[in-house]
Amino acid sequence: MAGRLKGYHPLMEALQDRPTAAPVPPTSRTRRPKVLLTSVCRPLGPRHGDAPSVGYELLFNQVTRAQGLFSPRALHLHFSLEYIANNLDAPAVVLQYPSRRELIRELKKGYDYVGVSFLLAVFHKMKETVALIRRYSPNSKIVLGGYGTVLKDEVLAPYSDHICREEGVAFFRRLLDEPEKPIPYDHPLITSRLKLFSLPVSRTGMIFAGLGCANGCDFCCTSHFFKRRHLKLLPDGKDIYAVIERYLDIDPHMSFVILDEDFLLNRRRAMEFRDCVLKGGRAVSIFVFSSIRAISRYTTQEILEMGIDGFWIGYEGTRSNFPKQQGRPPAELFPDFKRHGITILASMIVGFDYQDRDVVAQELDGLLKLEPGLTQILIYGPTPGTPFYERIMSQRLLQDDLAKDSDLYYRRSDGFATMIKHPRLSASEIEDIQRWCFKEDFRRLGPSVFRVVETWLNGYERWKDSPVPFLRLKAARFAREARNAYPAFLPGRLFGPSPEVRRRIRRLELRAHDLLGRPTLKERVFAAGAVLAAAWTWLTLKLHLFQHPTLVRTAYRMPQPVQEAVRPLEFLPAHPVVMLLAQLFKSYRSGL
């Protein structure tokens, strides 16, 4: 849909008519086979020979990559692995980002099948992982999955016994000779912790509603990998809301992300979901992915009554002319949403044929005038299986070094490298323009955290006196979220990227005080603590310390006690000062 990191998807598995390799049933029926599902091994990133954006975070590594200490931090798992393991009958273990040593230790326990999820940009890491499997668990059958499997069989065959290019639960159940399971599957409860200044600020429940996208943008791996089809993992609106209710039983203030490429495209399901939200009577906060074409079929009030207050929207380029962009003009849609409390993450692409440096500057200027809460800028790149890839290859427009070295091509498939011969710009110029765009976004609009707070205040003002009870509840939630952000204002005023941005943050702070009340003594103390936490965050970034998560291991149907499905990402060590600040901040939030 939008120009996101190629291969990033909540379930990572592709949909096609049949699997490449016929599943082989287990040879022994005296016991169930044991399954290990794993990502590639950490560490990842440029310091370790990888592309710029192949790490554990979508925001810090990609969307807010120029925002430094102000960037929110959240771990992104290979959700597919947890989802598949949760829906098997066989005992299974999932490893998220193990080290080589941790993977080896697990392999020595003995597994019949080992599944590896990977993207093109970590093809080289996949090869290293497979080599470890073959050395330390030689009797295991290896299954490759994820968007890296866009590559042809002859490329992947040396590293696999089976290749999963379909929805992963059905594939693995056939592979293990387990009976077919009807959709909707059992939905695992997987949460993601969001941190700011190294301190936890919110928890998000991940909802896996569908796979694939029918929009068919020429660069989109998701759409074409799934043959431009959409598979509803949660077929009806009531199914989606039932998952939300399970999360709310854990934390009534939890936020949500619905992972579905164009959630509002199916109006029947969306409106049924709205009815469930209104009937439930709880002001949920939901972020979704959707196109302008789909969004334009709803009123702003209908969207808010679904609980939606955040969108990922593909702005792409003013002359990109994708069908999904038809509908309300961005110049009308973006400000309207912001006035009503809806945050937009806008995705822009550089490297279209019609663009040169001046055109990109004009397009960026137009987008920044609309003041999106977050902005992503990726380079137009060809991924196997997409029409854009076919055009580039047929016209011999792939960069010469990439055409000669397939491993180098895979490694650069992350949206931050120029891969094609552009008619107007050199490779280095495009990459320089991309860096400039990110820096301009931060310089002109400031940290995204304060843009989002401004949108929350707008929503509070707009709906606090609404005749609709649900919208008054929504206004109260906007107010609570904005009040929770009070401690962030002082670091913003001290460390903002420019005098103008710092003045803007101060004006926003005063507006919040006028609307919601001046800070209490407790809030002032936490503001001072936030300054210390921001300084600590700056230091760890400067020295590149503690930037990798620890292993997340989850056991399903194993003899040992089942572990928590997802542990929060811990970028920081157990430093007593930091842990004290975290505990104080937790106490502060619980007291609001």
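This is a predicted model: local features need pLDDT of at least 70, side-chain atom pairs count only at pLDDT 80 or more; totals for chains, interfaces and linings use all residues.

User: How many aromatic pairs are counted by the rule?

Analyst: Rings of Phe, Tyr and Trp (its six-membered ring) pair if their centres lie within 6.5 Å; planes under 30 degrees apart are stacked, over 60 edge-to-face, and the rest tilted. The count here is 33 aromatic pairs. The pair Y56 and Y97 is edge-to-face because the planes stand at 85°, with ring centres 4.7 Å apart. Y56 belongs to the loop between β1 and α1 (59-63) and Y97 to the loop between β2 and α3, so the pair ties together parts 41 residues apart in sequence. Helices (H or I, at least four residues) and strands (E, at least two) are DSSP runs, numbered from the N terminus.

User: Are Y56 and Y97 buried or exposed?

Analyst: Buried means under 20% relative accessible area, exposed over 50%, and partly exposed in between (1.4 Å probe, protein chains only). Both Y56 and Y97 are buried.

User: Which residues do ring pairs link into a cluster?

Analyst: The cluster joins F70, F197, F442, F450, Y486 and F489.

User: Where does the charged end of R65 sit?

Analyst: A charge sits over a ring if NZ of Lys or CZ of Arg is within 6 Å of the ring centre and within 35 degrees of the ring normal. The charged end of R65 is over the ring of F416, 4.1 Å from its centre. K34 lies over the face of Y111, 4.8 Å from the ring centre.

Note on methods. Residues are numbered from 1 along each chain as its sequence is written. Side-chain values use heavy atoms; hydrogens and water are left out.
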